[in-house]
Amino acid sequence: MDLSRRYQCEIGVAGNLYPYRCRILEQLADYDLKIWGPVPPRWLRSAALRFYTGEYVAEQTKSEAFSSAAVCLNTLSLREG
């Protein structure tokens, strides 16, 4: 499978899913959104979970994913910097 087609989307996000990030991503439900990262915690309840791809991306695959998305969104909290 061509990786660029595999990862192609309007908005791509890589990272852990937690309430702050999910709240932001829930507002983007009308877009072709893909979320890559580790398995979300079982206690997390969010409409954003439907965009979770089930794949962790790093190094080459992260580069492919970000290159294939029209927009790459960084939703880090100011506390994480």
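A polar atom of the S68 side chain lies 2.8 Å from the backbone oxygen of E64. S68 is part of helix 3, residues 59-68. S68 counts as buried because its relative accessibility is 13% (buried means under 20% relative accessible area, with a 1.4 Å probe and protein chains only). The model is predicted: local features need pLDDT of at least 70, side-chain atom pairs count only at pLDDT 80 or more, and totals for chains, interfaces and linings use all residues. Residues are numbered from 1 along each chain as its sequence is written, and side-chain values use heavy atoms, without hydrogens and water.

The protein has 3 helices and 3 strands. Along the sequence they follow the pattern α-β-α-β-α-β. Helices (H or I, at least four residues) and strands (E, at least two) are DSSP runs, numbered from the N terminus.

Strand 1 (residues 9-14) pairs with strand 2 in the parallel sense, over 4 bridges; pairing requires at least two DSSP bridges. I11 has L33 of strand 2 as its bridge partner. In a regular strand, side chains alternate between the two faces of the sheet. Strand 2 (residues 33-36) is covered on both faces. L33 and I35 are buried on one side, K34 and W36 on the other.

The C-alpha atoms fill a box of roughly 35 × 30 × 20 Å along the principal axes. Of the 81 residues, 35% count as buried. Residues 24 or more positions apart account for 51% of the contacts with a separation of 6 or more; contact means heavy atoms within 4.5 Å.

Notes: Buried means under 20% relative accessible area, exposed over 50%, partly exposed in between (1.4 Å probe, protein chains only). A polar contact is a pair of N or O atoms within 3.5 Å; within protein, one must be able to donate a hydrogen and the other to accept it, and residues adjacent in sequence count only if both atoms are side-chain atoms.
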